[in-house]
Amino acid sequence: MSTELLLSASVFVIMGLVLVSVFVLTRYLGPNNKDDKQKNTVYESGVSNPVGTTNLRFSIKFYLVAILFVIFDVEIIFMFPWAVNIRELGFLGLAEMFMFMALLFAGLIYIYKKKALSWD
């Protein structure tokens with residue numbers, strides 16, 4: 001075995017042992033507040049006694065809009081490096097970006113035709 005392999009394996013094992021020992025030590029050395037009723041009470045946005053139930057059902061439209069936002073927002077992650085390196089990519093890079101944008105536009109048209117963006 002090479003010395004680099006032994007060194008990396010020993011570092012990996014030592015880091016694992018340190019991580020496990022830190023978790024075990026915090027269990028015994030940390031504060032024990034299981035019976036502290038004040039710390040275990042509900043506190044949300046300045047309201048210490050919430051009114052109503054917490055099992056509210058939200059419309060699927062909220063989740064759909066959130067997912068659509070993530071999908072159409074992630075495109076910026078792909079477009080920014082393309083815009084920075086457009087000269088190095090040349091015509092092929094331009095064609096690929098137009099195909100990518102066409103697919104996103106087709107998805108937007110599909111979502112619009114399914115009326116996923118209408119709030120009734």
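A residue is called buried when its relative accessible area is under 20%, exposed when over 50% and partly exposed in between, with a 1.4 Å probe and protein chains only. The structure is a predicted model, in which local features need pLDDT of at least 70 and side-chain atom pairs count only at pLDDT 80 or more, while totals for chains, interfaces and linings use all residues. Residues are numbered from 1 along each chain as its sequence is written, and side-chain values use heavy atoms, leaving out hydrogens and water.

The protein contains 3 helices and 0 strands, in the order α-α-α along the sequence; helices (H or I, at least four residues) and strands (E, at least two) are DSSP runs numbered from the N terminus. Of the 120 residues, 7% are buried. Contact means heavy atoms within 4.5 Å, and among contacts between residues at least 6 apart in sequence, 50% join residues at least 24 apart.

The unreviewed UniProt entry lists residues 6–29, 62–83 and 89–112 under "transmembrane region"; such annotations may be inferred rather than shown by experiment. In the model, residues 62–83 are 100% helix, with 32 Å between the end C-alpha atoms. Residues 89–112 are likewise 100% helix, and their end C-alpha atoms lie 33 Å apart.

Helix 2 and helix 3 pack with their axes 10 Å apart, at an angle of about 170°; axes are lines fitted to C-alpha atoms over the stretch in contact, and angles run from 0 to 180 degrees between N-to-C directions. The two helices are therefore roughly antiparallel, a term for angles over 145 degrees, with under 35 counting as roughly parallel, 65 to 115 as roughly perpendicular and the rest as oblique. Contributors to the contact include Leu 68, Phe 72 and Trp 82 of helix 2 and Gly 93, Leu 104 and Ile 111 of helix 3.

Phe 78 and Phe 100 also take part in this contact. With a relative accessible area of 25%, Phe 100 is partly exposed.

Asn 33 lies in the loop between helix 1 (3–29) and helix 2. At 32% relative accessibility, Asn 33 is partly exposed.
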